[in-house]
Amino acid sequence: PYDVLVVGGGPAGASAAVYAARKGIRTGIIAERFGGQVMDTMGIENFIGTAYTEGPKLVASLEEHVKEYGIDVMNLQRAKRLEKNDLVEIELENGAVLKSKSVILSTGARWRNVNVPGEAEFKNKGVAYCPHCDGPLFEGKRVAVIGGGNSGIEAAIDLAGIVKHVTVLEFASELKADQVLQDRLHSLPNVTVITNAQTTEITGTDKVNGISYVSRETNESHHVELEGVFVQIGLVPNTDWLDSVERNNFGEIVVDRHGATNVPGVFAAGDCTNSAYKQIIISMGSGATAALGAFDYMIRN
Ligand code: FAD
């Protein structure tokens, strides 16, 4: 059996595996796609110590670092079941069952898409999902935020300090964000809020030049010219396959400050957990925490 088996090969999983392997224990990583969300990221400007890098380049160095330690990397393999017996068992989609003394779940999350024409086509060409990451790319420009929940309104407030103008499009008849956020938003001079707005298309040529929506009150179509669209309609953790591991209302795995879950020997890290913020550097930190937590667990059991 493995000592530590990491499920998920994004920055959290890579960090957890390196920290575990450095204890001289048998470590493996199962990844549906090594690199995770970072593979889909163009410019990265907030990986501290590196002023600028690109997703695939960072993933290549994660892979190189992991390989330095002789970690078993099982790429293109999807875990479908976790069961705790004497050891923790992970069953893969292909039927294989792997056993380990401890498991670190780092299966990440995915942004919920609006699924309108133009979204996929202009991803990284004006369509963005992370205001902390991509906000500065739109300095002085006009953007829209799709979604009037807490993350959408936080994004709009954040962006309003950087960009020229923010249009918030909310599908429902009112914003769902906390009142304090709404009050703050309404105090800003360069924000327009449109409720009852159903986004129909993100338009552009080689990059985004506007957004179209239909008013659900009047059925009229509208088009707003702008340079960027932030989609903020939720982050979905990749945790639906876990039934015995405690998750919160958002589906995020609940961890303590050692990265431990409710199942003894099962730890979790990164975007699949109830961490307050979802970023590369934060997921790497929590991956390190979970690996050290798993090591502590092993030397006690
Ligand atoms: P992920 O990166 O999501 O990795 C999850 C891993 O688990 C993947 O290997 C996946 O294939 C695997 N997996 C999932 N389910 C299973 C399963 N059942 N079995 C096996 N493997 C599985 N953050 C920043 O700090 N700076 C940025 O500039 C930035 N830009 C971003 C741009 C975009 C377009 C996106 C989408 C995100 C961006 N982020 C950025 C956020 C950052 O990418 C995430 O916070 C980070 O990747 C989370 O790491 P993770 O390891 O927790 O999860």
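Helix α5 has its buried residues covered by, among others, α4 (150-160), β12 (165-169) and β13 (191-194). Keep in mind that this is a predicted model, where local features need pLDDT of at least 70, side-chain atom pairs count only at pLDDT 80 or more, and totals for chains, interfaces and linings use all residues. Residues are numbered from 1 along each chain as its sequence is written, and side-chain values use heavy atoms, with hydrogens and water left out.

A quick word on terms. Helices (H or I, at least four residues) and strands (E, at least two) are DSSP runs numbered from the N terminus. Buried means under 20% relative accessible area (1.4 Å probe, protein chains only), and contact means heavy atoms within 4.5 Å.

Back to α5, residues 179-186: its buried residues are Leu-181, Gln-182 and Leu-185. They sit on the same side of α5 because they span an arc of only 100° around the axis, taken from the directions from the helix axis to the C-beta atoms.

Now for two single residues. Val-59 belongs to helix α2 (residues 55-68), while Ile-146 lies in strand β11 (residues 142-146).

| Residue | Relative accessibility | Class |
|---|---|---|
| Val-59 | 4% | buried |
| Ile-146 | 5% | buried |

Leaving out residues up to four places away in sequence, Val-59 touches Phe-34, Gly-35, Val-38 and Met-39. Its C-alpha atom is 9.6 Å from that of Gly-9, 50 residues apart along the chain.

For Ile-146, contacts beyond its neighbours within four places in sequence include Val-114, Leu-169, Thr-199, Ile-211 and Val-231.

Terms used
Buried means under 20% relative accessible area, exposed over 50%, partly exposed in between (1.4 Å probe, protein chains only).
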